[in-house]
Amino acid sequence: MKQTPLHAVHVALGAKMVPFAGFEMPVSYPAGISAEHKAVRENVGVFDVSHMGEFEISGSDRNAFVQRVTCNDVGALTPGQAQYSGILTKDGTFVDDCLVYRFEDKLMMVVNASNIQKDWDTIVAQKGGANVRLRDISDETALLAVQGPKAEALVGQLTSIGVAMIPYYHFAQGKVAGVQCFISRTGYTGEDGFELYCRASDAETLWHAFVGAGRAEPVGLGARDTLRLEAGLPLYGNDIDDTTTPYEAGLAFIVKLEKGSPFTGLEALKRQKLEGVKRRLVGFKVTEPKTVARPGFAVFLDGTQVDIVRSGTVTPTVNAAIGTTYLPADRARAGTKIEIDVRGNTEDAVRPAPHQEMSAPPIRPSAHPPIRIGILTISDLGAVGQRADTSGDAIIDWASEHGYEVVVRSVVSDETDRIAGKLVRWSDSGEVDVVLTTGGTGLTERDVTPEATAAILEREAEGIAEAIRAASGPGFPRAWLSRGKAGTRGKTLIINLPGSTDGVKEGLAVLEQFLDHAVDLVSGADTRHQTPDTASHV
């Protein structure tokens, strides 16, 4: 069993150590998973994820080579930028998901610990005559994840690097607490935060700089799993594997069919996009509060088994048993009722939970790439699973009717940092063309969506906000009280919609008249959509 450079530190802290991906890893510390989860959601926590694998690719053909072995577009990266991607089989299914970092003189791929050897063999087999040098630097590299709303403040105290200026999915190099490393604004928790890569020999120094009274809490793999599941982030081996494609898993944004370079799985994914996916990964919430749907439990739809539970647990923030499974594409919608065989009992009904939906509407063939939409609902009760996201559901239905593609969806509490953090991350990652928010635009003190939005916009579009108010007002008079904003950040259009379902529908009716043109102007790309009535199906 392998150990990370921080193994002795975890044992000294009283961590519960368990086997994981060939490593002995801390699953929790004495405070417990719930406390660690809460620390990351409300404050800041630090994870030792040094078990992850790192491959370094250098040489004059490095960019072209990684273009061939991953499905996202490496050519879109500039030095200092990262992207989420996938290593695929010829059938378009996952060998692994990964991160790709672009430096001035090299690339680095970060892969899952359980797949290091498999990924290495897959990549090396494709080297051929390419002028590249491949190095597995996993054992030389340590990785700490500093995550939570106070992560930026903590990291900023320990470095002269302007971490506040590092955009989402970008990185900078320098010293933190005297340790040379590179700091990436990435994470696996749904919170803002950083991942810090350093030499294995420096890991303990870096850990002690972050962890302690008045600083960050140590967090184990148990809370890492509950945090990522609440955030709708997939786990290899559970939600995605060598039988699932990015399109089925709701990860269409990492597939770039037209990037100008063939890649493994390209032809299979072209066929699947043309024909449409047959199943989709969705989130669910168990209707019986005391029933936990564990991974591997059989999932039934109308009495027929359709899949198994992929991920499942009780999460502290949602305070309910939630999970993921694959459903037939035509049934993968909010409100579909399913059953799970829990130790021989199949009477525990569950339903897809709107605030935990992980995937997009069915992919529609089109002559032009569809507009990619992110939905951010602001609701204190919705964020803890105590109120259904009917406004978000209305946007989902509208997007489906008009041929738009919802690629990400989330519910957050009415807090400026959380709202702004989501808007920045979604915009700066390049995964969405439009972010539609709903809620938190009124006159009460807690309605901070307009302020949070205005703080991150680069250019306001006052006419859009006024048009939405004017359209919603007659049918929903309170819409006149909305202080909603609209504008752009980078190549993303951000629009605040009213919080009510009726107000949202009226606002969407206005948007559909000009949204295509607005996105074309902002992105500089032809993203016109086709409605289901005019789309060509095969």
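Modeller: Let's start with the second largest pocket, which holds about 710 Å³ of space. This is a predicted model, where local features need pLDDT of at least 70, side-chain atom pairs count only at pLDDT 80 or more, and totals for chains, interfaces and linings use all residues. Residues are numbered from 1 along each chain as its sequence is written, and side-chain values use heavy atoms, leaving out hydrogens and water.

Colleague: What makes a space a pocket and not a cavity?

Modeller: On a 1 Å grid over the protein atoms alone, a cavity is a set of points where a 1.4 Å probe fits but cannot get out, while a pocket is an open set with protein on both sides within 12 Å along at least five of seven lines. The volume is the space filled by probe spheres set on the points, joined across faces, edges and corners.

Colleague: How does the lining of the second largest pocket divide by class?

Modeller: Nine residues are nonpolar, 15 polar and seven charged. Here Ala, Val, Leu, Ile, Met, Phe, Trp, Tyr, Cys and Pro count as nonpolar, Asp, Glu, Lys and Arg as charged, and the others, Gly among them, as polar.

Colleague: Why is H10 called roughly parallel to H14?

Modeller: H10 and helix H14 (residues 501–511) pack at about 30 degrees, with axes 8 Å apart. Angles under 35 degrees count as roughly parallel, over 145 as roughly antiparallel, 65 to 115 as roughly perpendicular and the rest as oblique, so H10 is roughly parallel to H14. Axes are lines fitted to C-alpha atoms, for helices over the stretch in contact, and angles run from 0 to 180 degrees between N-to-C directions.

Colleague: Which residues of H10 and H14 meet?

Modeller: Thr390, Ser391, Ala394, Ile395 and Trp398 in H10 meet Thr501, Val504, Lys505 and Leu508 in H14, with contact meaning heavy atoms within 4.5 Å.

Colleague: What makes H2 oblique to H7?

Modeller: Helix H2 (residues 33–42) and helix H7 (residues 221–230) pack at about 55 degrees, with axes 8 Å apart. That angle makes H2 oblique to H7.

Colleague: And why are H11 and H12 called oblique?

Modeller: Helix H11 (residues 416–429) and helix H12 (residues 449–456) pack at about 40 degrees, with axes 9 Å apart, so they are oblique to each other. Their contact has six nonpolar, three polar and no charged residues.

Terms used:
Helices (H or I, at least four residues) and strands (E, at least two) are DSSP runs, numbered from the N terminus. On a 1 Å grid over the protein atoms alone, a cavity is a set of points where a 1.4 Å probe fits but cannot get out, and a pocket is an open set with protein on both sides within 12 Å along at least five of seven lines; lining residues have an atom within 4 Å of a point.
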